[in-house]
Amino acid sequence: MTFPMTRMRRLRATPALRAMTRETALSATDLVAPLFVAHGDTARREIASMPGHAQLSVKEAVREAKELAALGVGGLILFGIPRAKDAEGSEAYAADGIVPRALTAIKEAVPDILLWADVCLCEYTDHGHCGVVVNGAVDNDRTLPLLSRAAVAYARAGADLIAPSDMMDGRVGVIRAALDEAGFSDTPIVAYSAKYASAFYGPFREAAQSAPQFGDRSGYQMDPANAAEAMREVALDIEEGADMVMVKPALPYLDVIRRVKERFTVPVAAYNVSGEYSMIRAAAERGWIDGERAALEVLTSIRRAGADVILTYFAKEVAALLKPRKP
Ligand code: PBG
């Protein structure tokens, strides 16, 4: 049946009809807000390339967590700026490191928001790579025990989910074993399974002061040209015990999100990364696009592609937009 019997516009005619036939829902519970935490009493150190985001003191992070929880945001993920960086990234796995401190404080004050802990060494190493460097290259197997120690330290401090983002081979398995042995067999692992070597991490590296000091991350992060390889990464991580898998960045990889969703049955997360955020903010600041609408559209597209959960720097403002207003 075609026109004039079929008129696609009938179901678009009113807001009520559109709302009832909408295929994809965006909800604050599905969002995870990244926060950067730093030592000291300075409440906020603004991040120039990420307007609206700052490195937060622990106290300020607790305040932020309260606001996020009040808006119904499902979770937050912490990234730490250490007091000092060294070759082995030792603050990443120190029991009194910045992330464990923040986790403990937030857990106590805001028990009803999920705390995700990113596990990686790059914010903590002086060379900025995600693992231990031996002879100029990131040594996979020497990095694994350090990642395990970090995971256990974060679980002890109150992390609800452990999210390794380092892209070392075999890390999900060793982290699972370490968590189980330390008594955290119920703590889920969200693996950054398909993490691409992306230009879109630029602003994050300013925020976390984690740009590699030599070379780049192409020796461990994925080639943007590859999607079949992402299926192998996801399959391996699930075999090693990942409870949830992630695709990162989100927008340039919507096809990968879709393929993972169709092929596997674990929940899929997508990371709408710093560069994806900053591009919209920058264009909106210039009046070139409507930033709020663009953010909603982007997050909806990531859900439509198949992501169950979205990590996004828009979490707070979008949750506020989604909040039902009193008539
Ligand atoms: C690594 C990590 C990175 C991001 C999250 N975890 C940076 C990187 O690989 O360089 C980037 C997130 C973003 O750009 O928003 N610990």
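## Strand pairing around β5

Two strands are taken to pair if DSSP finds at least two bridges between them. In this predicted model, strand β4 (residues 75-81) and β5 meet that description, running in the parallel sense over four bridges. Within this pairing, isoleucine 77 stands opposite tryptophan 116 in β5.

Strand β5 (residues 114-119) is largely enclosed by the rest of the structure, because five of its six residues are buried.

## Serine 301 in helix α10

Serine 301 lies in helix α10, which covers residues 291-305. Its relative accessible area is 10%, so serine 301 counts as buried, the cut-off being under 20%. Leaving aside residues up to four places away in sequence, serine 301 touches Leu251 and Leu254.

## The chain as a whole

The protein chain contains eleven helices and twelve strands. Its radius of gyration is 20 Å, which agrees with the value near 20 Å for a compact globule of 327 residues. The C-alpha trace spans about 70 × 45 × 40 Å along its principal axes.

Of the 327 residues, 52% count as buried. Among contacts with a separation of 6 or more, 75% join residues 24 or more positions apart. The accessible surface comes to about 15000 Å², and carbon and sulfur atoms account for 53% of that area.

Key: Residues numbered from 1 in each chain as written. Predicted model: local features only at pLDDT ≥ 70, side-chain atom pairs only at ≥ 80, totals over all residues. Heavy atoms only, no water. Helix = DSSP H or I, 4+ residues; strand = E, 2+ residues; numbered from the N terminus. Buried < 20%, exposed > 50% of the residue type's maximum accessible area, 1.4 Å probe, protein only. Contact = heavy atoms within 4.5 Å. Rg over C-alpha atoms; globule rule 2.2 N^0.38 Å. Areas by Shrake-Rupley, 256 points an atom, 1.4 Å probe, with all protein chains shown as cover.
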